[in-house]
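Here's a quick briefing to read alongside the model. Have the sequence and the 3D view open, and we'll go topic by topic.

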Amino acid sequence: MADVVSIDEKKIDELLSRSIADVLPTKKELKELLLSGKRLRFYIGTDATGPQLHLGHSTNYLILEQFRQLGHEIVILFGDYTALIGDPTDKEAARVQQTPAQVAKHILDWKSQVEKIVNFTDSANPAKILQNSEWLSKLSFEELITIASNFTVQHMLERDMFEKRIEAGKPVYLHEFFYPLMQGYDSVAMNVDVEVGGTDQTFNMLAGRILQKRYHNKEKFVISTTLLANPSTGKKLMSKSEGNYIALNDTPQDMFGKTMALPDGVVRQMFIDTTNVPLVAIDEILDAHPKEAKMRLARELVTMYHSADAAGKAEADWQNTFSDGGVPEQIPEVVVSVVTTYLDALAEALGESKAELRRLANARAITDFTMPAAAQQEEKKILDLSEIISVPKILRIGKHRFLKILIK
RNA sequence: GCGUCGGUGGUAGAGUGGUCAAUUACACUUGGCUGUAAACCAAGCGGCUUCGGCCUUCGGGGGUUCGAAUCCCUCCCGGCGCACCA
C-alpha cells in the first residue's frame, strides 16, 4: 500500500501552486519527478524548543500531509541538536542545554498540536519523527571541516539577514554560519528528496541541496512556502513576538473570536494558507458578505482543530457575546472575601496593576453585567473602584475580558 | 592590545547638567463609530497613593554636584579603524 504513489496530475498541480513561493531548482522538474510515480522522502524541520504553534506554522504541515496522502514518505525532523546553539538573532537568550527527557516532552507537546493536521497513525504510511542529535552529536571536528569546505564566506555573506546586519553595523557571530551547515547536513543524514519550509528558510534549505549533491550526487528539491502575511500591508500575520497569533491549541471560543478580529483583507490568504478548502470554493465563499466569509473561516478552523460541534457552539457563543452583547458561556471566576474592593479583586484576578485598572475605569471600560437590563448604559459602568463588592458580580473589562466575582 | 564611536522604555529612535517618568513614530490598551473587522476620531501607555505626593527606571558599579539619562572614573557589551596573527 505504501509503495503505491498517486500520480494524480490535477492534485499535484494544485499542490505545487497553493501557498508555494518557489520550487528549486524548478517546479517543472519536481512535477516530472512526482509524476514518475517514484516514492519520495519529504521532510520539514522544526525547532525543538517546545513552542506553542500557531496558524502561521500550519501551512507547511498542511502541504506535507497532502504529499503523505499521495503516498510519499514524510519525515518531521526535530532540531533538538540545532536548538542547543540557539537562535542567532536572539543572543540575549543563551540557550540552556536540554535533557533528553525535556526534548521528549517537547516532542509530545508539539505532536499533540500537529497531529490535528498530520497523520502519525496511518498504518500504511504514517508520518515519522526524527531528531537531529542522532547524527549531529556524532559529527567529528574533521567531518565538520569537510562540510564547511563546501561553502565560501562570500556565499554565507549573501544571506540577506547577514547582509542587513552588517550594513546596520550589527554583529554577526561566527557560530551563526554553522546553522545552515548543520541544517544542510540533516538532508544528507536522512538522504531526503524534498525539503519543505518557509521562504525565510530558503538559504538553509539550499545548503542542504548543495551537500546532498556532494555527498549523494542527488538533486534535493526545495519547496519554499509563503509566509502567512497580510496582503495589503505585507506584514506578517501571527507573530509570536507581537502576540497576535491564533494558536493551534487555542480553545474553540478563542480561535473563533481571534479569527473574527482579523482584518477582512486577510481572509482569502487565510483560507489559502491555513485550510484545505478548494480554491474554487474559496472564491464562492468570498462573494458573500465579508463578515459571513470570515465566520465561515472561523468555523472551518475550529472544525479542523476541534470539531464541527465545537465550531457550532463557538459561533453561537460569539454571536451571543459580541453581536448581542451577552455574556459568554464560560468565564473565569474568582472568589473574594467579604470586605474586598473592586480594585483589589480585579488586580488579583487579572494580574493588572492598580494604576492600569484605574485608567480602565476612567475610560469607562469596566461594565457591570449584573445591573438590570433597563439600567442606563452609564449606570452599568463602574467608575469608582474603591467600592466594596457587596453582591456577586459579572464584569466585563474592556472588549473581551469577562470575570465572575463570587463572595465567600 | 591601541584608537574611536556607541549601549535610552515592547521596537525604532530623540534627548547631552535642572522645565525628564524622559520628544516622536510604530506597536499595544481603552472609549467612540461599526460587523468585537479595517479605516477614522479621542484618550491612555513604570509602580504605589489617604490624589498632596512618594518610589523605581536611560548597560553594571563608584564619584562630582543643591541637582545627572546627560559630566568624571571604572567594569561589562557591541560597531568601526589600526596593530597583532595568518
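Does Ala-347 count as buried, exposed or partly exposed? Ala-347 counts as partly exposed because there are 17 C-beta neighbours inside 10 Å; buried takes 20 or more other C-beta atoms within 10 Å, exposed 12 or fewer, and partly exposed is in between, with C-beta atoms placed from the backbone.

A word on ground rules: this is a predicted model, where local features need pLDDT of at least 70 and side-chain atom pairs count only at pLDDT 80 or more, while totals for chains, interfaces and linings use all residues. Residues are numbered from 1 along each chain as its sequence is written, and chains are lettered from A and ligands numbered from 1 in the order in which they are written.

**Around Ala-347**
- Ala-347 sits in helix H17, residues 342–350 (helices are DSSP runs of H or I with at least four residues, strands are E runs of at least two, both numbered from the N terminus).
- Leaving out residues up to four places away in sequence, Ala-347 touches Glu-352, Lys-354 and Leu-357 (contact: C-beta atoms, placed from the backbone, within 7 Å).
- Ala-347 and Leu-357 are 10 residues apart along the chain, with 7.4 Å between their C-alpha atoms.

**The sheet**
- Six strands make an open sheet with mixed pairing, in the order E1-E6-E5-E2-E3-E4 (a pair needs at least two DSSP bridges).
- E1 (20–24) and E4 (128–131) are at the edges with a single partner strand each, so one side of each has no neighbour in the sheet.
- E1 and E6 (residues 221–225) run antiparallel and are joined by 4 bridges, with Leu-24 opposite Val-222 in E6.
- Helix H11 (residues 202–216) lies across E1, E5 and E6, at about 170° to E6 (axes are lines fitted to C-alpha atoms, for helices over the stretch in contact; angles run from 0 to 180 degrees between N-to-C directions).

**Domains and cores**
- Chain A is split into domain 1 (9–225), domain 2 (252–323) and domain 3 (333–407), with bounds from an automatic or database domain assignment.
- The largest nonpolar core has 53 residues, and Phe-42, Leu-64, Val-196, Leu-301 and Val-302 have the most contacts inside it (a core is a set of buried Ala, Val, Leu, Ile, Met, Phe, Trp, Tyr and Cys residues joined through C-beta atoms within 7 Å).
- This core draws at least three residues from each of domain 1 and domain 2.
- Apart from it lies another core of 11 residues, including Ala-345 and Leu-357.

Methods. Contact = placed C-beta atoms within 7 Å.
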